[in-house]
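Look at the sequence and the model together, and keep both in view while reading. The paragraphs after them take up a few places in turn.

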Amino acid sequence: MIVTLRTLRSIAFLLPLAVSYCYGASKVVAVSISGVIQPVTVEIVSSAIRQAETEHADLILLRLNTPGGVLESTREIIQKLDASPVPVASYVTPSGGRAASAGFFLLEAADVSAMAPGTNTGASSPVLLGQRMDPVLRGKIENDAAALLRTLTTRRKRNSDLAEKTIREARAFTDQEALDNRLIEYIAPNESDFLQWIGGRDVIRVDGRVQKIQLDRPQVIEARETTRQRFISVIADPNIGFILLVLGALGIYVEFSHPGLILPGVAGAVLLLLGFSSLSVLPISWIGVALLILALVLFALEAKFASHGILGAGGALSMVLGALLLVNGPPEMRIHLSTALAVTIPFALITIFLVSLAMRARAAKVITGVEGMIDQTGIARTPLSPSGTVFVRGELWAAVSSSPVPLDAGVRVVSVDGLTLHVEPVNSNEPTAPIQQ
């Protein structure tokens with residue numbers, strides 16, 4: 001085998017590139033923040049920062065697509081980002097997405113920020129969900145939020161005056177407007193383009209020092225989430241929370257209406273607690289709660305009274321309206337109409353069916369115990385004048401009659417006193433219990 005000088009030169013040229021490719025690739029830990037920002041979001045971001053530090057990553061990438069969320073959780077995330085030893089880049093994606101309200105704070109908290117074409121940001125006016133704010137309280141909350149936003153933008157030489165207007169005037173910006181007004185640094189058509197643009201750029205860290213971001217063939221690694229974090233993220237959706245509440249209430253009702261089943265009661269209690277946990281961070285409207293309670297009452301009345309479906313329809317309508325009004329917040333944080341309908345209709349049918357079974361069971365004549373003996377008919381096995389023996393429901397009983405009864409005549413039980421029956425004679429044409437030998 002003959003190796004030419006030209007081949008050796010090619011190998012010598014490609015070898016350093018191969019080694020660099022294997023060992024020199026930069027690491028980027030990416031974490032997606034979508035949906036409402038809440039306490040579990042703080043945990044997810046904290047885990048991503050620890051992962052980036054452990055794996056010696058060169059950059060943390062925040063993918064933002066959020067309508068906002070809890071301001072206190074947002075502050076905690078900002079504190080985590082400020083303390084991160086790894087530089088942070090935020091990117092509003094995909095096209096059509098947004099970083100609104102609290103999401104705008106996270107966009108400005110990053111060392112370098114970008115937006116995808118067709119996205120928007122801003123509208124950061126704080127709202128005390130579920131309550132009215134008087135002018136003094138509103139002023140205090142807005143001033144506090146504005147001071148935080150000025151801190152974030154000033155140290156990174158962004159337009160702090162315009163950023164503050166997202167709080168004072170609820171201003172919002174398209175991607176191009178945000179770039180032209182120095183609220184972000186770049187408009188990136190995709191993530192790869194953004195990372196390529198970042199490479200080699202200097203960023204100003206929270207302590208004021210300038211750090212160069214070196215990205216050589218960046219390898220994007222998704223932030224790892226624990227099973228607990230994934231589970232909480234799933235049930236944190238108000239739609240899931242509403243479904244859990246309804247299923248929990250149904251399970252507990254089945255247990256109360258059919259004591260001893262155990263499983264429906266245990267499962268219902270667990271689901272109910274999970275539903276409350278899901279909705280605990282959201283502002284609940286008491287009007288929505290009242291409508292849901294009214295729906296349950298109407299379902300029960302429908303099973304008891306013949307309303308030709310009017311009460312049941314009213315209960316279904318009340319439950320739908322209650323679901324839509326249960327969360328007193330922005331549309332993104334409320335329960336969807338499709339969810340309300342998909343849950344309400346089956347729940348209404350099942351509840352009316354179960355309630356009707358319970359009502360019929362209560363209205364049915366008791367056939368066991370002392371109460372079950374009343375009005376039972378039997379045969380006199382001895383003459384009753386006034387006491388003797390009767391045969392009722394397959395058993396011989398001591399009996400006392402209010403009037404004489406001949407042998408083999410029919411009797412009806414009037415009352416029970418211990419082991420003695422008080423009976424009265426019946427006409428011969430009335431049905432009697434079959435005689436058992």
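Predicted model: local features only at pLDDT ≥ 70, side-chain atom pairs only at ≥ 80, totals over all residues.

Residues are numbered from 1 along each chain as its sequence is written, and side-chain values use heavy atoms, with hydrogens and water left out.

Begin with helix α4, residues 102–109. Helices here are DSSP runs of H or I with at least four residues, strands are runs of E with at least two, and both are numbered from the N terminus. A residue is called buried under 20% relative accessible area, exposed over 50%, and partly exposed in between, using a 1.4 Å probe and protein chains only. Eight of the eight residues of α4 are buried, so the helix is largely enclosed by the rest of the structure. Among them are Phe104, Phe105, Leu107 and Glu108.

Leucine 107 leads on to serine 113, whose side chain reaches the backbone oxygen of leucine 107 at 2.4 Å. Serine 113 is located in strand β5, residues 112–115. Is serine 113 buried or exposed? With a relative accessible area of 0%, serine 113 is buried. Its side chain also makes a polar contact of 3.3 Å with the side chain of arginine 158. A polar contact is a pair of N or O atoms within 3.5 Å; within protein, one must be able to donate a hydrogen and the other to accept it, and residues adjacent in sequence count only if both atoms are side-chain atoms. Leaving out residues up to four places away in sequence, the residues that serine 113 touches include Ser90, Glu108, Tyr186 and Phe194; contact means heavy atoms within 4.5 Å.

A pair of aromatic rings is described by the distance of the centres and the angle of the planes. Rings of Phe, Tyr and Trp (its six-membered ring) pair if their centres lie within 6.5 Å; planes under 30 degrees apart count as stacked, over 60 as edge-to-face and the rest as tilted. By this rule the count comes to three aromatic pairs. In one of them, tyrosine 91 and phenylalanine 194 have ring centres 5.3 Å apart and planes at 35°, so the pair is tilted. This pair links distant parts of the chain, with tyrosine 91 in strand β3 (residues 88–92) and phenylalanine 194 in helix α8 (residues 191–198), 103 residues apart. Tyrosine 91 counts as buried at 1% relative accessibility, and phenylalanine 194 counts as buried at 0%. The rings of phenylalanine 194 and tryptophan 197 have centres 6.4 Å apart and planes at 20°, so this pair is stacked. Both residues lie in helix α8, three residues apart, about one turn of the helix. Tyr91, Tyr186, Phe194 and Trp197 form one aromatic cluster.

A salt bridge is a side-chain nitrogen of Lys or Arg within 4 Å of a carboxyl oxygen of Asp or Glu, and the structure holds 17 salt bridges. One of them joins the side chains of glutamate 191 and arginine 63, at 2.6 Å from N to O. Glutamate 191 lies in helix α8 and arginine 63 in strand β2 (residues 59–65), so the pair ties together parts that are 128 residues apart in sequence. Both glutamate 191 and arginine 63 are buried.

Arginine 63 forms a salt bridge with glutamate 222 as well, the closest N and O atoms being 2.8 Å apart. Here strand β2 is linked to strand β11 (residues 219–222), with the two residues 159 apart.

The last stop is the surface. Ile293, Leu294, Val297, Leu301 and Phe305 make a nonpolar surface patch of about 420 Å². Such patches are made of residues with over 30% relative accessible area and no salt bridge; like charges are joined within 9 Å, and nonpolar side chains (Val, Leu, Ile, Met, Phe, Trp, Tyr) within 5 Å. Accessible areas come from the Shrake-Rupley method with a 1.4 Å probe, and for residues only the protein chains shown count as cover. Leucine 294, one of the patch residues, is found in helix α12, residues 286–304. At 38% relative accessibility, leucine 294 counts as partly exposed.
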